[in-house]
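Hi there,

Here is the model I promised to pass along.

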Amino acid sequence: MSTLQRARHRLKAHPMALDAALAAGVLLCMVAGSFADPHGGDGVTWSLRTPDGLSLVLMVLGAAALAFRRRAPRTVLAFTGALSLVESATGDPRAPVAMSAVIALYTVASTTDRPTTWRAGLLTMTVLTGAAMLCGPLPWYAQENLAIFAWTGIGATAGDAVRSRRAFVQAIRERAERAERTREEEARRRVAEERLRIARDLHDVVAHHIALVNVQAGVAAHVMDKRPDQAKEALAHVREASRCALGELRATVGLLRQSGDPEAPTEPAPGLDRLDELVATFRNAGLRVEVARTDHGTTLPAAVDLAAYRVIQEALTNVQKHAGTEAKAEVSVVRVGPHIEITVLDDGAGDAPPGDAPAGDGGGHGLLGMRERVTALRGTLTTGPRYGGGFRVHAILPVEGRAGAEGRPG
């Protein structure tokens, strides 16, 4: 930091000292100006004429008042203006007491609004110039009288310009701060959305595979003594489901690593191209599932592909957990114009999925997660019991539009 900058910071930290120094400087200028004789034979000359006692007192009072210009600018302007009027009426030759009024007018203009500046400037200019023209021994058109008119106008204009610049700089600073707050809020919103998306992925992965593990473990325990071959097959399915769960958990949790961490996930997010593999895991767990697809040849955006896969996964998991051992599920994937429709039906008579429970009943988050996924893509999700028994999940996802512009999450 340079010496000038340090001095400026000190002066800003002590405004009263700055005003006192300004008052002293103005007093020196007024006293020095009182020795100038504008009516010499050769124009303006300097002489050792000394101002009378009243003029000297008026100059001291006017300069002293400037030390309080920040605290009461209008009062200081009125006081210095009154002193200038007295000097105009009594001083002969005149002393430049009006200089203190010009400084006070500048302070008022720089600290108030424009209408107040106009009123104060016109009033000061009119009163001081009129008093100088009417009361002085000089002709009304003398240079000294016109100088008062010019200097008061300059003081008001300069103060208004400083005020405008301060307002402009403050507006720029506020816009920058507002933009910074907006960026921070947007960053927090994106972080919250990413956390919610990862939570949905974790729920889908854990709920699906743990449900399969639970069913297969129950089968193995039931037939362990009488049919060891079937128990061994069930345990193999448990091992496969556990391996898949660990793999998907590793890929999902890998999103939380820092950019420099090793072993970033490289496996793509699942989509409808893995629907047969998904259905096979449920069939191995004993659930009867039929699949009907008319979307062959359709290339889905990554976000839509993942959402469709997760909707089917969660719906079949709910069938596995809640529809009963004799339930049958039907999955249909249909391309209808600019949308793809996913429908999962079951004919079970078990409890409704916990995600469909009313708020406060302690339900899970399966259907809620599905609804958030579909809504994020501007799709619609309809869930509810079927007439005659069973449950229905129906999702409509846009193939084009906003969803097509989004990258594959995860």
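Let me begin with a helix pair: helix 2 (residues 15-33) and helix 3 (residues 53-65) cross in a right-handed way. Right-handed here means that the near helix is turned clockwise from the far one by less than a right angle. Helices (H or I, at least four residues) and strands (E, at least two) are DSSP runs, numbered from the N terminus.

Before more detail, please note that this is a predicted model, where local features need pLDDT of at least 70 and side-chain atom pairs count only at pLDDT 80 or more, while totals for chains, interfaces and linings use all residues. Residues are numbered from 1 along each chain as its sequence is written, and side-chain values use heavy atoms, with hydrogens and water left out.

The contact (heavy atoms within 4.5 Å) between helix 2 and helix 3 involves Ala23, Leu27, Met30 and Val31 on helix 2, and Leu56, Met59, Val60 and Ala63 on helix 3. By type, these residues are eight nonpolar, no polar and no charged (Ala, Val, Leu, Ile, Met, Phe, Trp, Tyr, Cys and Pro count as nonpolar, Asp, Glu, Lys and Arg as charged, the others, Gly among them, as polar).

Now to the strands, which pair if DSSP finds at least two bridges between them. Strand 3 (residues 288-293) and strand 4 (residues 328-336) run parallel, joined by six bridges, and Glu290 sits opposite Glu330 of strand 4. Strand 4 also pairs with strand 5 (residues 339-346), antiparallel and through eight bridges; there, Val336 has His339 as its bridge partner. Two residues lie between the strands of this hairpin, where Gly337 has a positive phi near 60°.

Happy browsing!

How values were computed: Axes are lines fitted to C-alpha atoms, for helices over the stretch in contact, and angles run from 0 to 180 degrees between N-to-C directions.
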